[in-house]
Amino acid sequence: MVNWSEVLEPIAAWFRSLGVPEPIVHWGHPLMMAIVVFVMGSYVALAGWRGRLIEDKDAAIKSRSDHRQLAPWLFLFMAAGYTGGVLSLVMQHQPILESPHFWTGSLVLLLLLINGAISLSGFVGNKMALRAVHAYVGSIALCILFLHAVLGFKLGVSL
């Protein structure tokens, strides 16, 4: 089995050599990801649901457009934050795979990847069932992200 901490140690050592203050190494990832999750993630989810549910056609089109434009950026920031969180653990000489925070983050990225694939497929001919699956998978991912934040805070105070 691959020891990911060993594989990533040269990168972590390079970042350590930059002299980044310990509080930033320790709390930088949680702070930045809290903004991504609670502000951007909530807005993307709200825009998606508004696009589905509101009756004002112009407002629904605007919400769907906002969702469509921002969701890929959300995924990109989540993937970058995931990488930063893993590197932060390696920089602090902490195990990676032992944390429920790691596993909830991995699950969320997988769910968002699946959701992106559903969307990019054009909902396989604009099937309403796939649109519903997309909405609920995205909502589940956001709920898991809130749990992920709680687990991350617990991890942060325990280190």
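**Helices, ring pairs and side-chain contacts**

Tyr82 counts as partly exposed, at 27% relative accessibility. Here buried means under 20% relative accessible area, exposed means over 50%, and partly exposed lies in between (1.4 Å probe, protein chains only). The model is predicted: local features need pLDDT of at least 70, side-chain atom pairs count only at pLDDT 80 or more, and totals for chains, interfaces and linings use all residues. Residues are numbered from 1 along each chain as its sequence is written, and side-chain values use heavy atoms, with hydrogens and water left out.

The protein is built with six helices and zero strands. Helices (H or I, at least four residues) and strands (E, at least two) are DSSP runs, numbered from the N terminus. Along the sequence, the pattern reads α-α-α-α-α-α. The C-alpha atoms fill a box of roughly 55 × 30 × 25 Å along the principal axes. Of the 159 residues, 35% count as buried. The protein exposes about 9800 Å² (Shrake-Rupley method, 1.4 Å probe). Carbon and sulfur atoms supply 73% of this area. Contacts (heavy atoms within 4.5 Å) were also sorted by separation in sequence. Among those between residues at least 6 apart, 73% join residues at least 24 apart.

Aromatic rings come next. A pair of rings is described by the distance of the centres and the angle of the planes. Rings of Phe, Tyr and Trp (its six-membered ring) pair if their centres lie within 6.5 Å; planes under 30 degrees apart are stacked, over 60 edge-to-face, and the rest tilted. The count comes to seven aromatic pairs. One of them joins Trp14 and Phe15: the ring centres are 4.9 Å apart and the planes stand at 75 degrees, so this pair is edge-to-face. Trp14 is exposed, with a relative accessible area of 52%. Phe15 is partly exposed, at 31%. In the pair of Tyr82 and Phe102, the centres lie 5.9 Å apart and the planes meet at 35 degrees, so this pair is tilted. Tyr82 belongs to helix 3 (residues 57-91) and Phe102 to helix 4 (residues 100-120), so the pair ties together parts that are 20 residues apart in sequence. Phe102 is buried, at 13% relative accessibility. Tyr82, Phe102 and Trp103 form one aromatic cluster.

Val7 lies in helix 1 (residues 4-17). Its relative accessible area of 45% makes Val7 partly exposed.

Helix 4 also holds Thr104. Thr104 is buried, at 12% relative accessibility. The side chains of Thr104 and His148 are joined by a polar contact of 2.6 Å. A polar contact is a pair of N or O atoms within 3.5 Å; within protein, one must be able to donate a hydrogen and the other to accept it, and residues adjacent in sequence count only if both atoms are side-chain atoms. Leaving aside neighbours within four places in sequence, Thr104 is in contact with Ile144, Leu147, His148 and Leu151.

A search of the whole structure finds two salt bridges. Each is a side-chain nitrogen of Lys or Arg within 4 Å of a carboxyl oxygen of Asp or Glu. Glu9 forms a salt bridge with Arg16, with the closest N and O atoms 2.7 Å apart. Glu9 is partly exposed at 25% relative accessibility, and Arg16 is partly exposed at 28%. Asp66 and Lys62 also meet in a salt bridge (2.9 Å, N to O). Both residues lie in helix 3, four residues apart, about one turn of the helix. Asp66 is buried at 12% relative accessibility, whereas Lys62 is partly exposed at 49%.

Asp66 has a further partner in Tyr43. With neighbours within four places in sequence left aside, Tyr43 is in contact with Asp66 and Leu70. Tyr43 lies in helix 2 (residues 22-53) and is partly exposed, at 38% relative accessibility. Tyr43 and Gln94 are 51 residues apart in sequence and 33 Å apart, C-alpha to C-alpha.

Ala135 sits in helix 6 (residues 128-158). Ala135 is buried, at 10% relative accessibility. Not counting residues up to four places away in sequence, Ala135 touches Trp49 and Arg52. Ala135 and Val7 are 128 residues apart along the chain, and 37 Å separates their C-alpha atoms.
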